[in-house]
Amino acid sequence: MKVEFYRHNLTEQDIANTVAVLHSVFLTTGPRTAQFEAKFAAYTGLPHVVGLNSCTAALHLALMGLGIGQGHEVITTAMTFIASATAVLHAGAKPVLVDVDPTTGCMDPAAVEAAITPATKAILPVHLYGTMCDMPALRKIADKHGLAIVEDCAHCIEGELDGVRPGQLSDAACYSFYATKNLACGEGGAVACQSPELAQKIKLLSLHGMSKNAAGRYHGAYQHWDMLTLGYKCNLDDIHSALLVDQLDRLDSQWARRRELYQRYEAGFEGFPGLARPKVKGKSGHHVYTIWVDPERRDDVLHGLQERGVGVAVNFRAIHLLDYFRRTYGFKPGDFPRAEAIGDSTISIPFYPKLTDQEADYVIEQVKAVLTGN
Ligand SMILES: Cc1ncc(COP(=O)(O)O)c(C=O)c1O
């Protein structure tokens, strides 16, 4: 049997929606993007959404929109995808990494508070695998020190912890619609926020700092546009938005299927020696399912699973030990031991709505067989 690491769940209707855009006048940011932004705002419960072409852009522009740049520090986690830190660099600020809660892999609020300096301007929590960080604790720290919070919600559209959802206790929530995400269109992202001014700034930055986009210039007599600020080019276009609009209606049912698969995996692995899993707190977005194995054996298990037709990935090796961060900041093994322990032992296994029970059972069997050397 071959079990792909990920298979998307686009329907014929999603594809027809995209084809309809291809038959229309607007390929770029236009009515479909506006429709998606409104629908996504309703889903998140946050009043303002700006569609972008990635979560990386969302993080970058949210930080810039909040005035974060040269000479500033932003605290994020060593256990994340590199974009959480590179977005800080793109904004011109310095990413300051902290260690994580060893049970969830989410940023440790005590480590955040200890890392604050006079240059700190923001906290950038990452809701790892879909489990939300302790947002009330982070909000308290942010209020005490006058900091902004920008959430990396690439793994967590649907999550909630102690009644708090993404974006409720922060300045901005940043989402990814990358190919393998819970809501996927190939490449895409969005910022959702409470502040209309911040949303307006992000929109401006996302399209060259132009006062009007193509759709805004289309109707009526030709309208001149002005360049109001130095912007970037990371707007979400109608071709991608068309893949997202109806998919959003299925987000909760797809989550429910991943929840079933999570429970199946948990029951299948319960008590098995040499295998741990992160703790899931509250309602997780259930984006990634990872197992933690003996670091000495991790790569052998990874390759063993591949040989048996099971797709795998590593989310993530601790980022401070990647070449660029070591060279730039002099990081070394031992700097963030809890993130390193997760990074050295983690293996992500297939976890998506199209995965059948039979395939999930095959994955469980193969994990156990590889671990016991059978
Ligand atoms: C935690 C995290 N943050 C940010 C990103 C970046 O998302 P995008 O590819 O949409 O820029 C990813 C992508 O995988 C991610 O996993």
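These legends accompany an overall view and several close-ups of one predicted protein model. Because the model is predicted, local features need pLDDT of at least 70 and side-chain atom pairs count only at pLDDT 80 or more, while totals for chains, interfaces and linings use all residues. Residues are numbered from 1 along each chain as its sequence is written, and side-chain values use heavy atoms, with hydrogens and water left out.

**View 1. The whole protein chain.** Helices (H or I, at least four residues) and strands (E, at least two) are DSSP runs, numbered from the N terminus. The C-alpha atoms fill a box of roughly 75 × 55 × 40 Å along the principal axes. The radius of gyration of the protein chain is 21 Å, which agrees with the value near 21 Å for a compact globule of 374 residues; this radius is taken over C-alpha atoms, and the globule rule is 2.2 Å times the number of residues to the power 0.38. Of the 374 residues, 56% are buried. Here buried means under 20% relative accessible area, exposed over 50%, and partly exposed in between (1.4 Å probe, protein chains only). Among contacts (heavy atoms within 4.5 Å) between residues at least 6 apart in sequence, 72% join residues at least 24 apart.

View 2. Phe316 sits in the loop that runs between α11 (298–307) and α12 (323–329).

**View 3. Two histidines with positive phi.** His208 is not a glycine, yet has a positive phi of about 60 degrees. You will find His208 in the loop between α7 (196–206) and α8 (214–218), partly exposed at a relative accessible area of 35%. His286 also has a positive phi, near 45 degrees, and is likewise a residue other than glycine. The loop holding His286 lies between α10 (251–269) and β8 (289–292). With 2% relative accessibility, His286 counts as buried.

**View 4. Gln247 and its neighbours.** Gln247 is buried, with a relative accessible area of 4%. Its side chain reaches the backbone nitrogen of Ala184 at 2.8 Å. Leaving aside residues up to four places away in sequence, Gln247 touches Leu10, Asp14, Asn182, Leu183, Ala184 and Gln254.

**View 5. The buried residues of α13.** Helix α13 spans residues 337–345, and its buried residues are Ala339, Glu340, Ile342, Gly343 and Ser345. These buried residues pack against β8, α11 and β9 (346–349).

View 6. Finally, follow the chain to Pro353, in the loop between β9 and α14 (357–372). Pro353 is buried, with a relative accessible area of 19%. Residues touched by Pro353 are Asn9, Gln254, Arg257 and Arg258, not counting residues up to four places away in sequence. Pro353 and Gly373 are 20 residues apart along the chain, and their C-alpha atoms are separated by 30 Å.

Technical notes. A polar contact is a pair of N or O atoms within 3.5 Å; within protein, one must be able to donate a hydrogen and the other to accept it, and residues adjacent in sequence count only if both atoms are side-chain atoms.
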